[in-house]
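Subject: Structure for you to look at

Dear colleague,

I am handing over the structure we spoke about, and my notes on it follow below. Please read them with the model open beside you.

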Amino acid sequence: MDASAVSRKEKWVSPLIPNLKKYLLAIASSLFAVFLAMSSFFTTELGYTYVVQDTLFGSIRVFTEPGVHFKVPFFSNVYTYNQAMTLSFGNQESGEKIRSTRQLGEVEVQFADTYTARIPATFRFRLSSDPEKIVAMHREFRSYDNLIDSLLIKNAKNVTVVTATQYTGEEFFQGGLNKFKVQLEDQLQNGLYETERRQVEVEQTDLAAVSSTNDDGDRLERKVQLVWKNIILQNATGQPKRIANPLDAYGIQVRQVTIGRPLPEKRLDELLVKKKDLVAKRITAIQAQETARAEAKTAQLEKEIEKARAIQDAQRSKELAIISKQKEVEMERQQAELETVRKEKEKAVAVLEKQKQLEISIAERDIQKANADAATYAAKAIREQGMAEAEVAKAHLLAKQAARDIYMAEIQRDIAQVMYPALKDVTIDMPDYYVGSDGSGSPVSSLEVFTSLGAMEQLRRANTTIAP
């Protein structure tokens, strides 16, 4: 390149250099301001606890809820803790690996009878929501990983191992697992039990020793052994004495403890298998004995049932005969009662009939008496009436006697009124003369006799014709 060209390029570039520096400086300032602004704030998420340590002012802040918070750039450190975390010792069924789950190997424990085993277990913990306890925890461990490694893992293993020393191997694998889990969770949450190592007698099953008298190395024998066990000490109220729980100082809670399938050592596993076979054989033998005993008892029961059935049949026949006789007696008794009732009824009917006849007789007597009284009263009335009529007639007669002449004259008049018209055309031949007597000694002439007799005859006829 020639000199003229170079000079022309310098003339064109030289004015741009100051402006470019200004632009770069502005861009750098803007980027720094953005970086500074982004470093001054941080966000918190749900499920995490954040500890902000300010080295400039020496303050510590704790955040447990989601949000956006201020921090001093370049002088503040933010430490993140999971609020809930899980330690899995050997339980890796799902294979899921997340930050809140720490995968570890099984916990190897030794029981009181020196047998060992590997226990898969899962422990779930939760941090406290108290800021003071969170600050104390952070001062002690300074990070989440240190908290897990230095406290939670070691404490979980320690409590598991110590709890296992309170059991023998056989006791643990023959029904003690559930109790072991309960005690493990209780000691993790509330502190280890205070224990004392003592020798206790434990009945165990073991492989028999091979000797000149025993050539079967697989035979099991039961024996009582003295075993050192950690015995739980109790206070005056009967509750277990406890050692201080390291989790209490930081408010960490044990939310869940699960135990997987324990893996015994080979010697213990062989012993358990042999014992299982022995128990199975014993159960089979016992079942066979029970079956034979049950069959014998069944046969005996069948005989007793047949005997009881025969006795029942005989008893039933006897009872039927008795019932039949009782029925006959009852029928005869009822028949006699019916006959008695019939006779009583006939007697009652006869009595009623006699009473009826007596009542009729009394009624008839009363009627006759009434009739007699009525007749008496009627006779008395007739008598009184006759006497009254006689008195009247007597009075008439006395009146007539008192006026005898007048009365006789009236009779003569009446006789004449009747007789003369009747004798108007009659011719009577009269005797020339008749002399008689009227009973009083007085002489009566023939004319008087004729006149009197004729008049009486006419009166009689007239009365006969008029009378009904």
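Is arginine 142 buried or exposed? Arginine 142 counts as exposed because its relative accessibility is 52%, where buried means under 20% relative accessible area, exposed over 50%, and partly exposed in between, with a 1.4 Å probe and protein chains only. Arginine 142 is found in the loop between α3 (131-141) and α4 (144-164), and its phi is positive, at about 70°, although arginine 142 is not a glycine.

Before going further, please note that this is a predicted model, in which local features need pLDDT of at least 70 and side-chain atom pairs count only at pLDDT 80 or more, while totals for chains, interfaces and linings use all residues. Residues are numbered from 1 along each chain as its sequence is written, and side-chain values use heavy atoms, with hydrogens and water left out.

The chain as a whole

The chain has eight helices and 16 strands; these are DSSP runs numbered from the N terminus, helices being H or I of at least four residues and strands E of at least two. Of its 468 residues, 22% count as buried. If one takes the contacts (heavy atoms within 4.5 Å) between residues at least 6 apart in sequence, 68% of them join residues at least 24 apart. The chain exposes about 32,900 Å², of which carbon and sulfur atoms supply 56%; accessible areas come from the Shrake-Rupley method with a 1.4 Å probe, and for residues only the protein chains shown count as cover.

The loop between β8 and β9

Threonine 114 is placed in the loop between β8 and β9, and it counts as partly exposed because its relative accessibility is 48%.

Aspartate 113 is found in that loop too, between β8 (107-110) and β9 (116-119). Aspartate 113 is buried yet has no salt bridge, and the nearest side chain of opposite charge, that of arginine 267, is 7.8 Å away. A polar atom of the side chain of aspartate 113 does, however, lie 2.9 Å from the backbone nitrogen of glycine 169.

Salt bridges

Side chains of opposite charge can pair when their charged atoms come close.

Lysine 181 forms a salt bridge with glutamate 185, with the closest N and O atoms 3.7 Å apart. Lysine 181 and glutamate 185 are separated by about one helical turn because they are four residues apart in helix α5 (residues 169-190). Lysine 181 is partly exposed at 26% relative accessibility, and glutamate 185 is likewise partly exposed at 26%.

In helix α6 (residues 266-402), arginine 309 and glutamate 306 lie three residues apart, about one turn of the helix, and their side chains meet in a salt bridge at 3.4 Å, N to O. Arginine 309 is partly exposed at 43% relative accessibility, as is glutamate 306 with a relative accessible area of 47%.

Helix α6 also holds glutamate 330 and arginine 333, three residues apart, whose side chains meet in a salt bridge at 2.1 Å, N to O. Glutamate 330 is partly exposed at 30% and arginine 333 is partly exposed at 38%, and a network of salt bridges links Glu330, Arg333 and Glu337.

Nonpolar residues

Which residues touch isoleucine 243, leaving aside its neighbours within four places in sequence? They are Asn190, Gly191, Leu192, Tyr193 and Glu194. Isoleucine 243 is found in the loop between β12 (220-232) and β13 (253-259), and its C-alpha is 5.2 Å from that of leucine 192, although the two are 51 residues apart in sequence. Isoleucine 243 counts as partly exposed because its relative accessible area is 45%.

Valine 68, in strand β4 (residues 67-70), is exposed at 58% relative accessibility. Phe41, Val68 and Phe70 form a nonpolar patch on the surface, with about 320 Å² of accessible area together; patches are made of residues with over 30% relative accessible area and no salt bridge, like charges being joined within 9 Å and nonpolar side chains (Val, Leu, Ile, Met, Phe, Trp, Tyr) within 5 Å.

How values were computed
Lys and Arg count as positive and Asp and Glu as negative; His and the chain ends are not counted. A salt bridge is a side-chain nitrogen of Lys or Arg within 4 Å of a carboxyl oxygen of Asp or Glu. A polar contact is a pair of N or O atoms within 3.5 Å; within protein, one must be able to donate a hydrogen and the other to accept it, and residues adjacent in sequence count only if both atoms are side-chain atoms.
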